[in-house]
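I am opening this notebook to keep track of what I look up in the structure, entry by entry.

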Amino acid sequence: MANSARRDSPELPDFSLLKRLARDQLIYLLEQLPGKKDLFIEADLMSPLDRIANVSTLKQHEVDKLYKVEYKPVISTSDQLCFLIRPRIQTVKWICDVANADRAAGKFRRYKIIFTPQKFYACEAVLEEQGMFGDVTTDEWAFYLLPLDDDIISLELPEFFRDNFLAGDQRWVRTAGSALHLLHSLYGPFSKVYGIGRCSKMAYESWREQVEEGEQKARHAEIGNVFLIDRDVDFVTPLCSQVVYEGLVDDIFRIKCGCVEFGPDVTSSDKSLKVMLNSQDKVFNEIRNEHFSNVFGFLSQKARNLQTAYDKRRGMDIKQMKTFVSEELKGLKQEHRLLSLHIGASESIMKKKTKQDFQELLKTEHSLLEGFEIRECISYIEEHINRQVSMIESLRLLCLLSITENGLLPKDFRSLKAQYLQSYGVDHLLTFSNLRQLGLLVEQQPGETLTVMESKVGKLVNDKTAGKLTDAFSSLAKKSNFRALSRKLNLVPKSDEEYDLRVPRDMAYIFSGAYVPLSCKLIEQVLERDGWAGLEEVTRLLNGHEFAVTGSNGADLRAKNDAQRIILVMFLGGCTFSEISALRFLGREKGYKFIVVTTAITNSSRLLESLLDNHV
């Protein structure tokens, strides 16, 4: 199994403090509106809120009824309405409509808006335009970080990716900086900060500004190094099929806020069941990072062990039976329940993912990553599109083909695009525009071979005017470098060697030994070298924006040795469960502990769904 940890691994900080702070601040804000009130919650805040303050906590602080924000007239009879929302103009306009409808009906109420994680000027401008600025009070719930597990913290901002990388809207950058500032003030100071990507650099600068504005207190460091990475530094990894257990559960059942809903096919009953997936679930904790091919063997062994534990009851006297019931039976029953759920989930995954189709799909992906049999891969993608297997899956394969081949030949691009639009509808034209803008699906320019492109980019980056490199050229350069990066960082292990998935030898096991995730390889290399020295060629191919900064105020001296081996990795734009599994493996190998902070948990479906624009 892949989870034999080094004995000297350091202890992780206790992140439950983040939840307590968020809950206390929310309670304080609710009490600013004394008396009974109805609370309207935006749909995508319901799951995070449930992890922070459940219904009974809200009721204790005079919340009478809870409603979901649904953009229609409200049915509440309360004199006080409180709205817990994201800073979105559409939602603020709806609240103004509610208040205006009350005013027209001669109904007097008090209104309070709590924006989370922060309020934006645009939202306050809407209140002013609608003449509501005095009638509606506003506040800010600085809820930046939700701990999903001992080593995973999420900002729960899935819109960060599209807003920042596609729309160029940088409003969430300060939110990321504030999240970093909160971690620094509770668990810092940090010894070193490394990063790559334009957004990472801006988030780092925003955090430094906030540090300089606040007081500096000498504390024991609990986190040593920090690594910030933009999602657009590595698009290949989230576009690959996940084959570790936790990644597959997310792909098929959709893990939301660390919670998954298993249907009747998994629970073997007529009901669905919501299950928390974290390290408290002992069965899940042992299989979450495993390649799926190892999971059934583990679960069957676990079932045999459980049966042996139950069989101990035979031949017990009354005293022994009493001890068994009081000390062991409850734990065995709990383990039995969890085991049966994960066996059910694994069977459901098997039905969907181990058919011939899935094996063919993985084979195609591996060929794309290695750069072999590209014509056969294109034929497979065409067949996938023409059979209308899955709109998102077809788009994913097109993007993977484009990135690994550094853009499509013009005739292939035109043909595949036409087939896709015929199969799934011409209203996806805007989606293709979005993908081109991000460098996910592009056409090779006539006469621009890889070598010519690389030399042009190299000349520009080495030029003294590199700082003035336009974003337009940056996105053009971004599309042309996967093969070169793969060679330099050895991302695709040699396929002539047999890869034993039961005893993984590197992070490539998370993709069946076919590919080491670029994001995780970069982190490994920078930590080994203590900076970017020796990786100049790699950073050039990634369009730069890399940085490495040593902590101030003697953080290096104060940090305990254990803290030096705790590394916080912040993904801006989302990260996958596969990457988390790879970092856990790297941590076990090197004696580190990684804490993953992400704007949201993503996968290929979520990433591409956020870029769909099928309305013309």
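Which residue of β7 is the bridge partner of Leu146? I looked it up and found Ser154 in that place. I note at once that I am reading a predicted model, so every entry here describes a prediction and carries the predictor's confidence with it.

**Entry: confidence.** The chain has a mean pLDDT of 87, and 86% of its residues reach 70 or more. I marked residues 449–478, where the pLDDT is below 50, and noted that this stretch has 28 contacts in the model beyond near neighbours in sequence. Where pLDDT is low, predicted coordinates should not be read in detail, and I leave the contacts of both stretches at that.

**Entry: the sheet.** Coming back to the pairing I started from, I found that β6 and β7 (residues 152–154) pair in the antiparallel sense over three bridges. Both strands belong to an open sheet of seven strands with mixed pairing, whose order I wrote down as β6-β7-β14-β13-β9-β8-β12. The edges are held by β6 (146–149) and β12 (546–550), and because each has a single partner strand, one side of each is left without a neighbour in the sheet. Ignoring direction, I noted that neighbouring strands are turned by 20° against each other on average. I then looked for a helix against this sheet and found α27 (residues 577–590), which lies across β7, β13 (566–572) and β14 (593–598) and runs at about 160° to β14.

**Entry: two helix pairs.** I describe two packed helices by the angle and the distance between their axes. For α17 (residues 391–404) and α18 (residues 410–424), the axes come within 11 Å and cross at roughly 170°. An angle over 145 degrees counts as roughly antiparallel, and α17 and α18 are therefore roughly antiparallel to each other. On the α17 side the contact is made by Met391, Ser394, Leu395, Leu398 and Leu401, and on the α18 side by Leu416, Tyr420 and Tyr424. I sorted the residues of this contact into seven nonpolar, one polar and no charged.

For α6 (residues 159–166) and α19 (residues 429–438), the axes come within 10 Å and cross at roughly 70°, and the two helices are therefore roughly perpendicular to each other. Here α6 contributes Phe161, Arg162, Phe165 and Leu166, while α19 contributes Asn434, Gln437 and Leu438. The residues of this contact divide into four nonpolar, two polar and one charged.

**Entry: Ile378.** From Ile378 to Leu397 I noted 9.2 Å, C-alpha to C-alpha, across 19 residues in sequence.

**Entry: helix α5.** In α5 (residues 121–129) I found Cys123, Ala125, Val126 and Leu127 buried. The buried residues of α5 pack against α4 (89–104), β4 (110–115) and β5 (136–140). Just after α5, I noted that Gly131 takes a positive phi of about 70°.

How values were computed
Residues numbered from 1 in each chain as written. Predicted model: local features only at pLDDT ≥ 70, side-chain atom pairs only at ≥ 80, totals over all residues. Heavy atoms only, no water. pLDDT = per-residue confidence, 0-100. Contact = heavy atoms within 4.5 Å. Axes fitted to C-alpha atoms, helices over the stretch in contact; angles between N-to-C directions. Helix = DSSP H or I, 4+ residues; strand = E, 2+ residues; numbered from the N terminus. Parallel < 35°, antiparallel > 145°, perpendicular 65-115°, else oblique. Nonpolar A, V, L, I, M, F, W, Y, C, P; charged D, E, K, R; others polar. Pairing = 2+ DSSP bridges. Buried < 20%, exposed > 50% of the residue type's maximum accessible area, 1.4 Å probe, protein only.
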